[in-house]
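Dear colleague,

I am handing over to you the structure shown here. Please look through it before reading the notes below it.

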Amino acid sequence: MNYYIFDISEMLLSHEKGNTWRHPSEDFSVSNIRYFSRHKGEVNCCVFSPDCQLLLSCCDDGRLYLWNASSAEHLATLSGHSGPVKSCVFSADGQLFASASHDCTVRIWCRSSAKCTHTLTGHTRSVETVSFSPDGQWLLSGGWDNRALIWRVQCGEMFEELRGHTAAVQSSVFSSDSQCVATGSWDRSVRVWTLHGGHEVVTLQGHLGNVACLCFSVTGMLASGSWDGTVRVWSPKRPACLFVLGGCERVWVRSLAFSRDGRVLASAAEGDTVRIWDTTTGVCVKRLQGHKDSAFGCVFSPGGELLVSGSEQLDEDEDEEDSIEERSERWTSLNREQDDEDDG
C-alpha cells in the first residue's frame, strides 16, 4: 500500500503571519512517500490519529494495522474480526478507535493497549461504515441490513436505530457539532437525521449510483461521492445541491476529505488521480497523479498541513528496485506535467 503525502504547511504559515492568502492548491507539494507493506489483501480504509502520530488501516485480511505515521514503522496488528474489515475510525481524543466488519460486528479498541474493549452486535449483515461523533459519546454504524445504528461508546449499548434506507448503508458521518448524522446508501440517497430522536431531517437525492462516501465541513456543507462518478456538495439546511463535481468519467468515487477550513475538498476515485476542488466555485483546481493503482482513500491530517492519499499495492507487486526517491521523483514529474497542461 502506497501513501503519498502533500505538504501545505507553507500556505498555513504564510496565512498565520498575515500575508496575502493563497489558495491551498497552490502549495501542494510532495513531502514524502511511505510504503506500508504488511497488508495481505485490499486496503479498505486508513485514518490518522488526532495527534497525527499514528496511522490506522484495515484490510480484507480481517485485521487492523497500526503504524508510526512519519516513519511507517509497523507497531501492531490487531486480530479479532472473522471477516474483512471494511472501515475504521479514531475517536476525537485519539484514545479509542473502532472497526466495522463483514462479520456483522463493530469493535471498539483501546489505543494504549491495542485491545478490544467492546464488541457491538446488532447488525444482521456486513457492516460497511463506522463513525465517531466529535464529542466522543456516540458511534454510528451502517451495513447491508439497510440500517444505521447509534451506539453509546462508554458502555457499548445500542442507543437508536435509524430506518428509512431501502438498500445497504455504505457511508456515514457526524456533523461537527455532533447534533446530526448523515448516511449514504445503495438506494442512491443521502439521509440526514437528528441525533436525539432519530428524526429524518431531509433526504438528498440526485446521485445515479450507490453513495459510497460522505464528509461534513466545519461550515456545515455535506459532500457525497458516488459510483456514478460524481461528487455532490449539499447545503442540508436549505436543502439544496450547491455543486455537482466531475462526472466526465464514470468511476467509483471512493473517498472524500474537506480541508480544516472547508475551503477545499479532496476526492479519490478509481484511476490514479486525486482531485482537489475549490468549494466556493466548484472548480477542480488540482489533479494529483502518481499512484500505480486506483486511489482508494484520501485524508487531511488533523492540523491541516498534510493531505495523504493511498492505493492498494500488494507486496509481491512492488518493485524492490523502485526506491522511495524514484517514486517521489516520478510523482513530482507527473504533477509538474499536469500543472503545465492545466496552465495551458
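The model is predicted, and local features need pLDDT of at least 70, side-chain atom pairs count only at pLDDT 80 or more, while totals for chains, interfaces and linings use all residues. Residues are numbered from 1 along each chain as its sequence is written, and side-chain values use heavy atoms, with hydrogens and water left out.

The sheet

Strands, like helices, are DSSP runs numbered from the N terminus (strands: E, at least two residues; helices: H or I, at least four). Two strands are said to pair if DSSP finds at least two bridges between them. An open sheet is made of 4 strands in the order 11-12-13-14, and its pairing is antiparallel. Its edge strands, each of which pairs on one side only, are strand 11 (127-132) and strand 14 (158-162). On average, neighbouring strands of this sheet are turned by 20° against each other, direction ignored; the axes behind this angle are lines fitted to C-alpha atoms, and angles run from 0 to 180 degrees between N-to-C directions. Between strand 11 and strand 12 (residues 138-143), the antiparallel pairing extends over 5 bridges. Phe132 has Leu139, in strand 12, as its bridge partner.

Thr117

Thr117 belongs to strand 10 (residues 115-121). With a relative accessible area of 41%, Thr117 is partly exposed, where buried means under 20%, exposed over 50% and partly exposed in between (1.4 Å probe, protein chains only). Beyond its neighbours within four places in sequence, Thr117 is in contact (heavy atoms within 4.5 Å) with Ile108, Trp109 and Cys110. Gly156 lies 39 residues from Thr117 in sequence, and their C-alpha atoms are 8.7 Å apart in space.

Ser259

Ser259 is placed in the loop between strand 23 (253-258) and strand 24 (264-269). Ser259 counts as buried, at 9% relative accessibility. Not counting residues up to four places away in sequence, Ser259 touches Val264 and Phe300. The side chains of Ser259 and Asp261 are joined by a polar contact of 2.8 Å; such a contact is a pair of N or O atoms within 3.5 Å, and within protein one must be able to donate a hydrogen and the other to accept it, with residues adjacent in sequence counting only if both atoms are side-chain atoms.

The cysteines

A disulfide is a pair of cysteine sulfur atoms within 2.5 Å, and the count by this rule is 0. Cys88 is in no disulfide, and the nearest cysteine sulfur, that of Cys58, is 3.8 Å away. Cys88 counts as buried at 2% relative accessibility, whereas Cys104 is partly exposed at 22%.

With kind regards
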